[in-house]
Amino acid sequence: KYRTCRRQVRECSQKADHHEGMSSDDELTPTEVTEFQKSKDNILEDSRKIFEDVHADFCDIRKILLKFQEWKEKFPDSYCDAYVSFCLPKLLNPLIRVQLINWNPLEQNFTDLEEMPWFKAVEEFSDAKNSSES
């Protein structure tokens with residue numbers, strides 16, 4: 001809509017200094033930036049409240065994975081029969097997504113995924129799983 005209007009104005013005014021593909025459509029107005037920041041802040045505030053009524057043992061990825069590791073060590077047959085490796089991604093998905101709400105790889109000072117606590121916990125669990133299988 002805006003692009004078409006600007007193109008029509010350019011064509012009528014015969015501006016020759018416009019280069020196709022160099023558009024300002026992606027630039028936000030100060031009002032839009034303020035609204036976006038306010039909306040983002042509200043979402044981040046709400047995300048902090050998601051697990052506030054959940055016991056720490058059930059919203060901390062490291063603690064959850066330790067429970068599964070104990071299960072595997074104490075009852076390997078039951079652990080194997082439960083297809084835990086297929087269930088864990090679905091179980092951890094909401095917990096990881098909450099931690100990634102504010103993650104933006106396009107920012108200059110973003111944290112690498114490999115440096116995030118949840119990633120390290122999953123990696124340690126995977127290493128423990130592989131070493132116990134070998």
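From the N terminus on, the elements of the protein chain run α-α-α-α-α-α, which gives six helices and zero strands, where helices (H or I, at least four residues) and strands (E, at least two) are DSSP runs numbered from the N terminus. This is a predicted model, in which local features need pLDDT of at least 70 and side-chain atom pairs count only at pLDDT 80 or more, while totals for chains, interfaces and linings use all residues. Residues are numbered from 1 along each chain as its sequence is written, and side-chain values use heavy atoms, with hydrogens and water left out.

- Of the 134 residues of the protein chain, 14% count as buried (buried means under 20% relative accessible area, exposed over 50%, and partly exposed in between, with a 1.4 Å probe and protein chains only).

**Salt bridges**
- There are three salt bridges, each being a side-chain nitrogen of Lys or Arg within 4 Å of a carboxyl oxygen of Asp or Glu.
- Glu-124 and Arg-62 meet in one of them (2.6 Å, N to O); Glu-124 lies in helix H6 and Arg-62 in helix H3, so the pair ties together parts that are 62 residues apart in sequence.
- Glu-45 and Arg-48 also form a salt bridge (3.1 Å, N to O), and they are separated by about one helical turn because they stand three residues apart in helix H2 (residues 30–49).
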